[in-house]
Amino acid sequence: MPNPTGWKPKVAREAGEGRGRPEAGALGATRGLVLEEPLVFEQGSPGRSGVSLPEVPPGADPATEIPAELLRAEVEGLPEMDELAVVRHFTRLSQWNWGIDSGFYPLGSCTMKYNPKSSEALARLSGFANAHPLLPASMAQGALELMWRLERALSEIGGFAATTLSPAAGAHGELAGLMMIRAYHVAHGNPRRKVLIPDTAHGTNPASAALNGYSTVELESGSDGRLHPETVARAMDEDVAAIMITNPNTLGIFESHIREIAEVVHARGGLVYGDGANFNALLGVARPGDMGFDVMQYNLHKTFATPHGGGGPGSGPVGVRETLVPFLPLPLVLSEGSGYRLVTDPAERPKSIGKLREFSGNAGMFVRAWALIRELGPEGLRRVAELAVLNANYVRAGLRGHFNLPYETDTLHEVVFDDKAQKEGGATTMDVAKRLIDHGSHPPTVYFPLVVHGALMIEPTETESKETLDQFVEAMRDIAAQAQEDPASLQAAPEKTIRARLDETRAARKPVLRWTPGMKVD
Amino acid sequence: MRYHPHTPEDVRAMLAACGARSVDELFRSIPEALRLRRPLDVPPAADEVSLFAEFRGLAARNQTDHPPFIGAGAYPHHVPPAVDQLVLRGEFFTAYTPYQPEVSQGTLQALFEWQTFVCLLTGLAVSNASMYDGATATAEAVLMATRLTGRNKVVVSAALHPEYRKVIATYLASTGDEVVSVPYGEDGRTDLDALAKAVDSRTAAVVLGYPNFFGVVDALPKAAAIARAAGALTVSVTAEAVSLGLLQSPGALGADVATGTLQSFGNTLNFGGPAPGFFATREANVRQMPGRIAGATADKHGRRGFVLTLSTREQHIRREKATSNICTNSGLTALAATIHLSLLGKSGLSRLARLNYARGRALRLAMQKAGFKTRFSGPTFNEAAFEVGDAEAVVERLAKRGIAAGVALGRWYPKDPRMKGALLSVATEVHTPELIELFAESVRGP
Amino acid sequence: MNFPEDLKYTRDHEWARVKGNRVTVGITDFAQDQLGDVVYLELPDVGDTVKKGEAFGVVESTKAVSDLFAPVSGKVVEVNDPLGDAPETINDDPFEEGWMIVVELANPSDLNDLMDAAAYEKFVEEEQE
């Protein structure tokens, strides 16, 4: 039986002093033993070090071989700390942070799902961790087999003929995808000059297009939040190389006209690029390759739960239809006879767009992603999408009426509210986000997509329990009420964090981007 | 399934709240014709016990019993256990990009420390919060140079890591920019006469390794002077970052941009990725620098804190006018490097660098004793190319004994007949003097 | 929100103060309000040529970046250089101290395409809907 003692964090609900400044937030946030901590460069003492190394053998003086002007004795400014001081430093820093391991992290389109500990342990097996990327193939069959199997699985899951594992992140995958599209058109005699992008697109889409020399044409989504074939048809001509679509889009809405849109673009010789950031909604339920997408990047750090690490590293494999296979970047993994090998020679793949990064990819992430796919199996993968969509719709049902829903259209794994209801009282989306922190949750994505005013984009993911969602909804309802009754009090938020709202204007006007001796910021 | 908490009762209650009769109904916006109505063709689910057995089997088929003698852009080093144990803290590990600074001060302060370390190592004023890897960081530096100078020709040393050169070519493919290669000399350094001839008023950047792909400490000051005289930027590229513990900083020697990877600190080889690329440059170039940047500021109570700043260079604001499309950085690997550098400190880094130099020297002496000369005469750090006869055969022979001997350079430089016999090998603090002796003897054979 | 009567306005939210054949240019109160705290700007040099309707510089806030479009064509004869070190002036005083450049008017007919204060105020209202 859940929660047998009936204990819940105490939230101050009465009007007057303390209202809206909960003792413990609805998700349990309190204050803890959290210490101030200076930079490593501001502590320590000359002569200290925190490592244990072999002796430097005598008679090995670099100055006998390397010219003096190319040498320095020591790197000035480096800290001098013992090991315990370093351990305390980073332990304390970690305590100022919030992770999925800490609590709810409903960032829309980021897919902040649990990062499995077993995936982590497996990636750290010595055979994977200590494998040099340039080992002879005979010495790296484990790594190569894993890559081959992952490639086959991703291609099957996305409905593509083949997948490159090389790109380092989603945006890097977009770059690869657009390069392949360009190479395809060049091979057909004309690179073309334009790329069509809906107004709901993530900023990396137009940036990736521009990096390939394309100008972007923005397409307006309909009042239902969907891209309509007529809009695409009006913009489509023989100078358009591709359309870039996220499906479901950044409103969480499935682009149900995708087949027709793909036909419109294909009919005039264009290609359809899929931004797979929201693939979590479709796992095992529908495949982009079956919808008309010619190329799509996966985000292993989103859909396949490799850790976000405070902003990276990621991994952005790209699946392609048969027609684009010749253009895949190098290297590729092939299964040959009884073993596996990497194709690195352009002579074997003359149409390849070449190399996009050093070595063959973020192999550490391949191990983690493959471990998750192995653990989920076909039913588990499908369950991911089912529960992700159930969780998001449950939150949507719980928050409507309290926050304004700009589109009535069905949503899948994420939902977007606007600030219409809160604006009446003078509260902003930012105020709502910051107060949510005091309750004990990371805020949702805010102010994106741009088509929604003061957007709040919520993606719970499938690894969150009903209880967590109930607490989140309760916190949000509390904030919505506060926005009506006492909006000014929201501006004080966050109040329980180690720092209150930080001056971002000052950071941009007078940038201080590294420590310098005697540095003062006040 | 242990990651999916939903009980049948949970699902029933939640569906009721949604007003849906089944989970399938929640997908009604997907046309039936697009629905996948068969299970995915992937292997059946494995429990954790089977999973470990399966992956141990795969890992065992990578031969890593002995530390590899391969460098060539990824270096085997000892990572102190404190690094992993701190990096694995869930608050670092499972955190997102620090867009909400009040709940991300840990990540942000660590990034500020990373940026400072990069500046101290490279001798340049500003650094970003890390890049995907050394090769893409270098390609982005080249693009920045073309933007800053308005010029469209780039001169690259043939002694720069071949993979980095290929990535530069890929990134520049659609720009129409010209990439000119300058050869290396018998000393393994960039040929300065050829460089002076290649650099002109159309040159945006000169790019060279420091140390370069052959492990040779290249002539950075003279190359930078040639570039400066023509109004071009000098990009110094470092793949073995431990070398910066005893080499003079690129900034002090005239580099305008320093890129490369800090994989040597805090990160194991991981079959080539992920690893933290770095990017540092002069203060004047900061608004053209790609990638995220952490900056110091104060909160409303006047307490110092950190935020991501200068965001208007980036894709989520500038969109098609961004300096780059880069979004994700290499945060966790950068954190690992930051922690390792904090543990090393001033004296520890100096010692590690001198130790690596000593091991590199021991390797050269052992190879000399076994009858193998170095291919190049220039000064090296911990890596060098040796003339071993048939380098491919040596690599294959030692592989059968479970020893990763190095990289046979003939495949990377097919046009240079003298490279066929050249083997590029490294020795670091993880290679004991005994192992080095054994290696040289093994190369000699049988 | 201020809409000084003695100025002319563009659809890109720049203002122009005309004195003889010299035109002083800046961004409007509405523009600075939309941008938020200005952190950086790029202005042309004295002697540069600007073309009506084309970008002559860039203004950045913490959350947005915007091109600055020339209301008239001509040669830049003065630039408010101190503005670079004190970009907040644009927020505090967009119509006076926040002036950006002075252009020597090449075609007086360019002025005919500019809006007066009343028309601009109406334009802003309509944009808000």
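How much area do chain C and chain A bury between them? The answer is about 470 Å², with 50% of it on carbon and sulfur atoms; buried area here is the accessible area (1.4 Å probe) that two parts lose on being put together, summed over both. Chain A and chain B, for their part, bury about 17300 Å² between them.

Before we look around, a word on the ground rules. This is a predicted model, in which local features need pLDDT of at least 70 and side-chain atom pairs count only at pLDDT 80 or more, while totals for chains, interfaces and linings use all residues. Residues are numbered from 1 along each chain as its sequence is written, chains are lettered from A and ligands numbered from 1 in the order in which they are written, and side-chain values use heavy atoms, with hydrogens and water left out.

**Chain A as a whole**

- Chain A holds 15 helices and twelve strands; these are DSSP runs numbered from the N terminus, with helices (H or I) of at least four residues and strands (E) of at least two.
- Along its principal axes, the C-alpha trace of chain A spans about 75 × 75 × 55 Å.

**Where chain A meets chain B**

- Contact (heavy atoms within 4.5 Å) involves 206 residues of chain A and 184 residues of chain B.
- Of the area buried between chain A and chain B, 63% lies on carbon and sulfur atoms. On the chain A side, A:Arg72, A:Met139 and A:Leu513 lose the most area to chain B, yet together they make up 5% of what that side buries.
- The interface of chain A and chain B has 14 salt bridges, each defined as a side-chain nitrogen of Lys or Arg within 4 Å of a carboxyl oxygen of Asp or Glu. One of the salt bridges joins A:Arg374 to B:Glu54, with the closest N and O atoms 2.8 Å apart.
- There are also 90 residue pairs in polar contact across the interface of chain A and chain B, both residues at pLDDT 80 or more. A polar contact is a pair of N or O atoms within 3.5 Å; within protein, one must be able to donate a hydrogen and the other to accept it, and residues adjacent in sequence count only if both atoms are side-chain atoms.
- Helix 10 (residues 363-399) of chain A gives the most to the side that touches chain B, with 26 residues.
- That side of chain A has 111 nonpolar, 53 polar and 42 charged residues. Ala, Val, Leu, Ile, Met, Phe, Trp, Tyr, Cys and Pro count as nonpolar, Asp, Glu, Lys and Arg as charged, and the others, Gly among them, as polar.

**Where chain C meets chain A**

- Eight residues of chain C are in contact with five residues of chain A.
- C:Asp37, C:Val39 and C:Thr62 supply 68% of the area that chain C buries against chain A, more than any other three residues.
- One salt bridge is found across the interface of chain C and chain A: C:Glu88 pairs with A:Arg509 at 3.8 Å, N to O.

**The two domains of chain A**

- Chain A is assigned domain 1 (119-373) and domain 2 (385-507); such bounds come from an automatic or database domain assignment.
- The centres of domain 1 and domain 2 of chain A, taken over C-alpha atoms, are 31 Å apart.
- About 1500 Å² is buried between domain 1 and domain 2 of chain A. In domain 1 of chain A, A:Thr250, A:Leu251 and A:Asn280 lose the most area to domain 2, together 36% of what that side buries.
- Zero salt bridges are found between domain 1 and domain 2 of chain A, and five residue pairs are in polar contact there, both at pLDDT 80 or more.

**The two domains of chain B**

- Chain B divides into domain 1 (81-339) and domain 2 (345-444), with 27 Å between their centres, taken over C-alpha atoms.
- The area buried between domain 1 and domain 2 of chain B is about 1900 Å². B:Glu186, B:Phe214 and B:Leu246 lose the most area on the domain 1 side, together 27% of what that side buries.
- Two salt bridges are counted between domain 1 and domain 2 of chain B. B:Glu186 also meets B:Arg375 in a salt bridge (3.2 Å, N to O).
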